[in-house]
Amino acid sequence: MSDDLLGTYDALLLDLDGTVYRGGEAAPGAVPTIRTSRERGVGVRFVTNNASRSPQQVAAHLSELGFAAEVPEVSTSSQAAAAVLAEHLPAGATVLVVGAQALVDEVTAVGLRTVREFSGPVDAVVQGHSPDTGWRDLAEACLAIRAGALWVASNVDATLPTERGELPGNGSMVTALRAATGQEPIVAGKPARPLMDQAVRSADARRPLVVGDRLDTDIAGASTAGLDALLVLTGVCTPAQLLAASPQERPRYLAADLRGLLRPVTEVEIGEQLGWHVEADGTRLIAKGSGDPVALLRALCSAWWAAGGGCPQVLAEGPGAAAALELLKIG
């Protein structure tokens, strides 16, 4: 067994946007790192909360970016939502779908009947992201939910990252129906367990590692499933947000990008770091030393989380620490 992080686990459960790629480009080091993972026999699963694309479409997009992804390597929240419905409903039950055709196809594949309007008995409503969702779609779902239909949401991400910035995600639409119905959906995607459990089963993994860029979905989802997690800084999470993370959103490992998987475990694990000394003093964190800014962030998180967490004032002693904090945009 290698002493690097990759050699410690038998499968990688990889988030997509912000982790494996950013918009239309592969994330730094992602293609060769994932190739190395496969060569070393470590399972790879691409795990996405986005229910608007089919596994075939996701795999095709990944392959265009150089990842040579196979359809069985993709786990989507639409698949997880369909599985949840199948657990609760008999074959042939009627499901009102709010979402893309990819979600319709997954629900149909588990033996359920799909409709778009509340014009007759509806056993369940399933809701996933689609850029075409409008008021009329939410109105049909509202009527069905208020009439007693089971409600399943593929995911509850409030925002969706795009090249133009953060846009309303499925969670924002879920919030609208929650307000209109007073009900809570069963959630299939991260941070809930169904999607993570599906990916683990698909990879036949006994010791998987979750890798992602979002605290509230990827890292919290790993915590919910009892799995270790690596946070990468290629996506939405900022160093300041990580430092202030709640216990449920704290990863075990931290790296600038996926190349951290090929670094020694002791180097990427959050804890004390060579070259850096961090002291927690009340509401302040004092950093001294010099070296890699990401290593300093690991040391800062370790000291601050041990002290209870929250939003600290971070101070530097010396030019090396000052420069690192400036790069991290902390302090």
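Predicted model: local features only at pLDDT ≥ 70, side-chain atom pairs only at ≥ 80, totals over all residues.

Residues are numbered from 1 along each chain as its sequence is written, and side-chain values use heavy atoms, with hydrogens and water left out.

**The largest pocket**

Select D17, T48, N50, L160 and P161, which lie nearest the centre of the largest pocket among the 28 residues that line it. Strand 10 (159-162) and helix 8 (215-225) are the elements that give two or more residues to this lining, and strand 10 gives the most, with three. (Helices are DSSP runs of H or I with at least four residues and strands are runs of E with at least two, numbered from the N terminus.) The space in the largest pocket comes to about 510 Å³, where a volume is the space filled by probe spheres set on grid points that are joined across faces, edges and corners. A pocket here is an open set of points on a 1 Å grid over the protein atoms alone, where a 1.4 Å probe fits, with protein on both sides within 12 Å along at least five of seven lines; lining residues have an atom within 4 Å of a point. Colouring the lining by residue class gives eight nonpolar, twelve polar and eight charged residues, with Ala, Val, Leu, Ile, Met, Phe, Trp, Tyr, Cys and Pro counted as nonpolar, Asp, Glu, Lys and Arg as charged, and the others, Gly among them, as polar.

**The second largest pocket**

Of its 16 lining residues, R263, E267, V268, D292 and R298 are the closest to the centre. Helix 10 (265-268) and helix 11 (293-306) each supply at least two residues of the lining, which divides into six nonpolar, three polar and seven charged residues.

Now select N49, in the loop between strand 4 (43-48) and helix 2 (55-64). N49 counts as buried because its relative accessibility is 6%, the cut-off for buried being under 20% relative accessible area with a 1.4 Å probe and protein chains only. Which backbone atom does the side chain of N49 reach? It is the backbone nitrogen of K190, at 2.8 Å. Leaving aside residues up to four places away in sequence, N49 touches S77, S154, N155, D157, G189, K190, L195 and T217, where contact means heavy atoms within 4.5 Å.

From there, go to S77 in helix 3 (residues 77-88), which is buried, with a relative accessible area of 0%.

**The aromatic pairs**

A search of the whole structure finds two aromatic pairs, a pair being rings of Phe, Tyr or Trp (its six-membered ring) with centres within 6.5 Å, and edge-to-face meaning planes over 60 degrees apart. Select Y9 and Y253, an edge-to-face pair at 6.2 Å centre to centre with 85 degrees between the planes. Y9 lies in the segment before strand 1 (11-14) and Y253 in strand 15 (residues 253-255), 244 residues apart.

Lastly, select F46 and F67, which are edge-to-face at 6.4 Å centre to centre, with 65 degrees between the planes. F46 belongs to strand 4 and F67 to the loop between helix 2 and strand 5 (74-76), 21 residues apart.

Key:
Buried < 20%, exposed > 50% of the residue type's maximum accessible area, 1.4 Å probe, protein only. Polar contact = N/O pair within 3.5 Å; in protein donor to acceptor, adjacent residues only side chain to side chain. Phe/Tyr/Trp six-rings, centres within 6.5 Å; stacked < 30°, edge-to-face > 60°.
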